[in-house]
Structures are given as structure tokens and as C-alpha cells.
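Q: Pick one part of this model and go through it closely for me, starting with how its pieces pack. I'd like the cut-offs spelled out as you go.

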Amino acid sequence: MDRLLISGGVVLQGELRASGAKNSALKMLAAALLADEPVIISNVPHLRDITTMIELLGSLGVEVVIDEKMNIEIHANTIKSFKAPYDLVKTMRASFNVLGPLLAHYGQAEVSLPGGCAIGPRPVDQHLRGLEALGARIEMEDGYVKATTNGRLKGGHVYFDFSTVGGTEHIMMTATLAEGTTVMENCAREPEIVDLADFLNAMGARVEGAGTDTITIHGVESLHGCTHRVIADRVETGTYLIAAAASGGRIKIRDANPEHLEVVLEKLREAGAQLTLTADTIELDMQGRRPRAVSLVTAPYPGFPTDLQAQMIALNCVAEGTGTIKETIFENRFMHVHEMNRMGARIRLEGNNTTAIVEGVPRLTGAPVMANDLRASVSLVIAGLVADGDTIVDRIYHIDRGYEQVEEKLQNLGANIRRLGAE
Ligand code: EPU
């Protein structure tokens, strides 16, 4: 298994380009199954999770053509199978999202239940209830969800019990081919949902209200081909901004979208960053200063994203003062805390492990560390960047799931980081 070796202590400086959003692109690859004609998705990041989704489409018999710029062309009408096997779904939960599109377009689907994952149990009850509200017949058999429908799905009323990104996206895409109108309430409002709605509408769907808590979908009989460019990855952008701030550095990120990062930018200002924004660039300058500790609570968009919680803890580890960080989205998303404490951080967990209280220290100390989830792993890279000596981050296949060219991008900012082969 590959590892990353980081020699800490460098102040990050320079420029980089934001990649396309993983969590948009993954859903679009699933939604492409709805179209009768080829669709082209551009600005897709080159990541392990994207490759897994393409492999899943391939296993269904769907023809996928990728050019050297990661423009991906998908021909759903070459489909031969309607079964998404356990091996592919277990490695990436987003693959569960093929269930609705297969059912809506082809009237049948068999998709493995995703099971738990490192950050919590993550059930799919809201997805299944939503599909049933559209008339799907759902049965569980041998760990698989078997869904069928008698003719077309029917528009329905869906009320989500709480904000669910995946649930909102899954039902939104499925309802595009249902007969009649679907109204979804208490929807998640993440920018990736708006991006997906734009993609669906480019295929001829009639989705209204994405980005608000009520989404209305007027079903159409078929969807056609389209070309769509994926939005910038706000979590990747936020990660590099936080890394630069933790190091006291100065960076500029191009092709980003500052509008999607408002709360995060506010927290970075609180930490002492000077920010200069244009429509698609973000410049951060700490003027060589140590960050100030910040407190925050993760929440559905437009709140502070859970996907940047671990990185912010890394920043607080070396900040002046004490910051309190509360996680409200996932049950078990603090595994980085124990590893950071092994690097000399002073973090204690309270409130039944929902809150991390981080007392800043001037510097961390390098150590061998690892984590079982993408964002926790990258937060350990940030910790390594602001530690004295060498840090080896193990199991970095997690990072490769969500960060395109992570070591090249950090090297461009001056970081001392390289990939090591398996031990
Ligand atoms: N939940 C349920 N039942 C459901 C659906 C969700 O109980 O049917 C719970 C989850 O277990 C969780 C909470 O509701 O505790 C929120 O889950 P949500 O459905 O919003 O998350 P998701 O769609 O599974 C996406 C991102 C995550 C991101 C979350 C929250 C993708 C592929 N994943 O997950 O991204 O953390 O939204 O913003 O879009 C990552 O990129 O590292 C990542 C984990």
C-alpha cells in the first residue's frame, strides 16, 4: 500500500487549479443511465472513486469513452445488465445511486446494499422510501435491493426526515422519468445537487428548485444527450486553503467557486487569513502568521461542511488559543484526533465523541500515522506539513479516492512530500 512521506515545516506558497467536484461527477455518471443518447461530462477529476463508478457502468455493459482531458462520454443504450454487484458497491457508497436511474429507465435494478463505512453506519432508508413513493416495488434479497416497477414510475410526494445529500440526488434523478410531477420537501441544498439538476435539465429533464428545500420535478418520457461541465470541488479547494492557512502561507486557487465556500472563508478570516476573491479565484494570505483557533459546528449546506472538519482540526492543532469543533452529520468522524494526538496535538473528545476541543500548540512532531477515511487521511497530511520532522501517512488509497494529484499539487506549493511504495 502506498504511503506519503512529508517533511514538515514549509510555509505553503504558490498557485494551483481546483479540480472538478468528485461528489457532483459521481452522481452524474449514475444519472447518465437515464439518457437515450450519449452524454459528455467534462472537468471530471481523475480519481479512484470515479474509476470505480466507470468500472460499475462497464460491468453493466455501458460503453464509456474517456479522452486525455477526462471528458467522459457515456452511451447508456449499450446496457446489458441491471445488477450492481457487492464488490463494486462496497468500495464506494455513491454507486448505490445507480439503483433509481436503472429502475426509472429500464424498469428493473438489483443493487447491493452498501453496508456501513468508516465514518458511521450510513443507512439508505431515505433513498428507499423515496423510491417507494414513486411506485417502486422494493425487496431485499441476499444483501441486494431488488427494485421493479409496473410500467413507468409515478410522480409522488417525498418528505425527507432530515437533510440527505445522496437521498435528495437519488430521488431527484429518478423522478425525471416518472409520469407526472414529484415534489420533494426538506431537501438538502448542497451545490452538487444544483449541479446535478443543471445536468439533468441539460438532458431535457424539468427540475425546479434545486438549491432550496423544495424541489419539483415534472417527469418527461425520455432524456436526450448533452454536454455538461462539472463545478469546482469546494472540498478540495477548502482543503488547500486550510493547509496553506495552517502553515502561515499564501496561495491562490484558480477555477474555484468562492460562493460555495462562504462559511469556510469566514472561518479562515477568523483564523487570521486575508482573502481576495474574484468570481473564480481565491487568494489567501496569512502574512507568515500563526493561525488563531476557530470554533465551529458542522451542518448541512450552507453550514460548515463535515468534509472539511478534520482539516480544520489540523489547523486548530497549531493555532493560537483553543477551538471547539462539533460534528453533527456523521457519528464516527474523529478518527484523525487520536493520530494527531500521537503527533503532539492536544485534543480531547467530549459529548459522547461528538465534540473535539483543540488546544493549539506551536508545532506538532512528525510520526507514522494512518486513517480509514478520505478526509481524515488528508487532515493527517496537513498535520504532517506543520510538524517538525518526518510524517509517514499510511493507507493513502483513501486520499487517492478524492484528491487529484495530491502530492504534485502540494509540491507546487513548496511542500516536501513524496509517495513511497509499499513497505
Ligand atoms: N442518512 C440516513 N439515511 C439515509 C441517508 C443518510 O440515516 O437514507 C444519514 C447518514 O448516515 C448521515 C446523514 O444522514 O449521518 C447525512 O448523509 P447524506 O445522505 O447527506 O450523505 P451522503 O449522501 O451519504 C454525501 C457525500 C459525503 C458528505 C455528505 C454530507 C457523496 C458521494 N458523498 O454523502 O462526502 O460528507 O454528503 O455532506 O456525495 C466525502 O466526500 O468524503 C464524503 C463522505
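A: Let's start with helix H1 (residues 22-31) and helix H7 (residues 191-202), which pack at an angle of about 35° with their axes 9 Å apart. The axes here are lines fitted to C-alpha atoms, for helices over the stretch in contact, and angles run from 0 to 180 degrees between N-to-C directions. Helices (H or I, at least four residues) and strands (E, at least two) are DSSP runs, numbered from the N terminus.

Before going on, some bookkeeping: this is a predicted model, so local features need pLDDT of at least 70 and side-chain atom pairs count only at pLDDT 80 or more, while totals for chains, interfaces and linings use all residues. Residues are numbered from 1 along each chain as its sequence is written, and side-chain values use heavy atoms, with hydrogens and water left out.

Back to the helix pair. The crossing of H1 with H7 is right-handed, that is, the near helix is turned clockwise from the far one by less than a right angle. On the H1 side you'll find Asn23, Ser24, Lys27, Met28 and Ala31, and they meet Glu192, Asp195, Leu196, Phe199 and Leu200 in H7; contact means heavy atoms within 4.5 Å. Sorted by type, the residues of this contact are five nonpolar, two polar and three charged.

Along with Ile50 and Met172, Leu200 has the most contacts inside the largest nonpolar core, which has 74 residues. A core is a set of buried Ala, Val, Leu, Ile, Met, Phe, Trp, Tyr and Cys residues joined through side-chain atoms within 4.5 Å, and buried means under 20% relative accessible area (1.4 Å probe, protein chains only). H1 gives the most to this core, with six residues. Leaving out residues up to four places away in sequence, Ile50 touches Lys22, Ala25, Leu26 and Leu29, among others. A second, separate core of 73 residues includes Tyr240, Leu275, Val318 and Ala383.

E12 pairs with E13 (residues 214-218) over three bridges in the antiparallel sense, and Val207 stands opposite Ile217 in E13.

E15 runs parallel to strand E2 (residues 13-17), joined by five bridges, with Leu16 opposite Ile253. Four bridges join E15 to E17 (residues 282-285), this time antiparallel, and there Ile251 has Leu284 as its bridge partner.

Last stop: helix H10 (residues 309-317) has nine of its nine residues buried, so the rest of the structure largely encloses H10. One of those buried residues is Leu315, which Ala271 touches, as Ala271 also does Met286 and Pro291. Ala271 itself is buried, at 1% relative accessible area.

Technical notes. Nonpolar A, V, L, I, M, F, W, Y, C, P; charged D, E, K, R; others polar. Pairing = 2+ DSSP bridges. Buried < 20%, exposed > 50% of the residue type's maximum accessible area, 1.4 Å probe, protein only.
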